[in-house]
Structures are given as C-alpha cells and as structure tokens.
Amino acid sequence: MVPIDLDKVLDKAYADKDLSTIPSAPVSALKGVSERHGELLHEAFGIKTVADLANLKYARWAQTLAALDAAAK
C-alpha cells in the first residue's frame, strides 16, 4: 500500500473524516476544488461526488493515454 498524506489532497473540512466517507463526499472535498468548480463539473458531466469524478470515463482515458506515453519513453 502506498501511503498518502490526506491533508495534501483533501479540504480541511474532510481531512479528519473516515476514508470510507470520501468517495461519497462532494468534489469540493478535494483540495483546490471549490464549490463553484463542483457546480461546473456537475453541469458539464453530471459529477456530484469524488467517486463520480474518479469514475469519469474521460479522466480514465486521459490517465491511460498519459501512462502509455510515459511507458513509451
């Protein structure tokens, strides 16, 4: 398991929450994502939660393409 400093990736309001609650939290629980960003993600892609964002097919495609590019170098 790779350790992760949750204070670096979560908003202060969520940093002390149980990790199992984070996928159902609003995307604004992620550090640097404002409530307005969350509204825009919802309008554009129907994303409401951290899990929705993680499962967004476009994000997965982009991650795969970037990994393939890095592996080819």
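Which residues make up the largest nonpolar core?

The model is predicted, so local features are given only at pLDDT of at least 70 and side-chain atom pairs only at pLDDT 80 or more, whereas totals for chains, interfaces and linings use all residues. Residues are numbered from 1 along each chain as its sequence is written, and side-chain values use heavy atoms, with hydrogens and water left out.

**Figure 1. The largest nonpolar core.** Leu10, Ile22, Ala25, Ala29 and Val50 are the 5 residues of the largest nonpolar core. A nonpolar core is here a set of buried Ala, Val, Leu, Ile, Met, Phe, Trp, Tyr and Cys residues joined through side-chain atoms within 4.5 Å. Burial is judged by relative accessible area: buried means under 20%, exposed over 50%, and partly exposed in between (1.4 Å probe, protein chains only). With residues up to four places away in sequence left out, Ala25 touches Tyr14, Lys48, Thr49 and Val50; contact means heavy atoms within 4.5 Å. In soluble globular proteins, nonpolar side chains tend to be buried together.

**Figure 2. Pro26 and Ser28 in the loop between H1 and H2.** Pro26 is placed in the loop between H1 and H2, and Ser28 lies in the loop between helix H1 (6-9) and H2. Helices (H or I, at least four residues) are DSSP runs numbered from the N terminus, as are strands (E, at least two). Pro26 counts as partly exposed because its relative accessibility is 33%. Its contacts, not counting residues up to four places away in sequence, are Tyr14, Lys48, Thr49 and Val50. The C-alpha atom of Pro26 is separated by 8.9 Å from that of Ala51, and the two residues are 25 residues apart along the chain. Ser28 has a relative accessible area of 18% and is therefore buried. Under the exclusion of residues up to four places away in sequence, Ser28 touches Asp11, Val33, Ser34 and Glu35.

Figure 3. The whole structure contains 2 aromatic pairs. Rings of Phe, Tyr and Trp (its six-membered ring) pair if their centres lie within 6.5 Å; planes under 30 degrees apart count as stacked, over 60 as edge-to-face and the rest as tilted. Phe45 and Tyr58 form a tilted pair, because their ring centres are 5.9 Å apart and their planes stand at 50°. Phe45 belongs to helix H2 (residues 35-45) and Tyr58 to helix H4 (residues 57-72), so this pair ties together parts that are 13 residues apart in sequence. Phe45 is partly exposed at a relative accessible area of 45%, and Tyr58 is partly exposed at 42%. Tyr58 also forms an edge-to-face pair with Trp61, at 5.3 Å centre to centre and 90° between the planes. Both Tyr58 and Trp61 lie in helix H4, 3 residues apart, which is about one turn of the helix.

Figure 4. H4 gives the most to the nonpolar patch, with 4 residues. Leu65 lies in helix H4, and Leu65 is exposed, with a relative accessible area of 58%.

**Figure 5. Salt bridges.** The structure holds 3 salt bridges, each being a side-chain nitrogen of Lys or Arg within 4 Å of a carboxyl oxygen of Asp or Glu. Arg36 pairs with Glu39, with 3.2 Å between the closest N and O atoms; both residues lie in helix H2, 3 residues apart, about one turn of the helix. Arg36 is partly exposed at 45% relative accessibility, as is Glu39 at 41%. Arg36 also forms a salt bridge with Glu43, the closest N and O atoms being 3.9 Å apart, and Glu43 is exposed at a relative accessible area of 60%. The side chains of Asp69 and Lys73 meet in a salt bridge of 3.2 Å, N to O. Asp69 is partly exposed at 40%, whereas Lys73 is exposed at 75%. Salt bridges that share partners join Arg36, Glu39 and Glu43 into one network.
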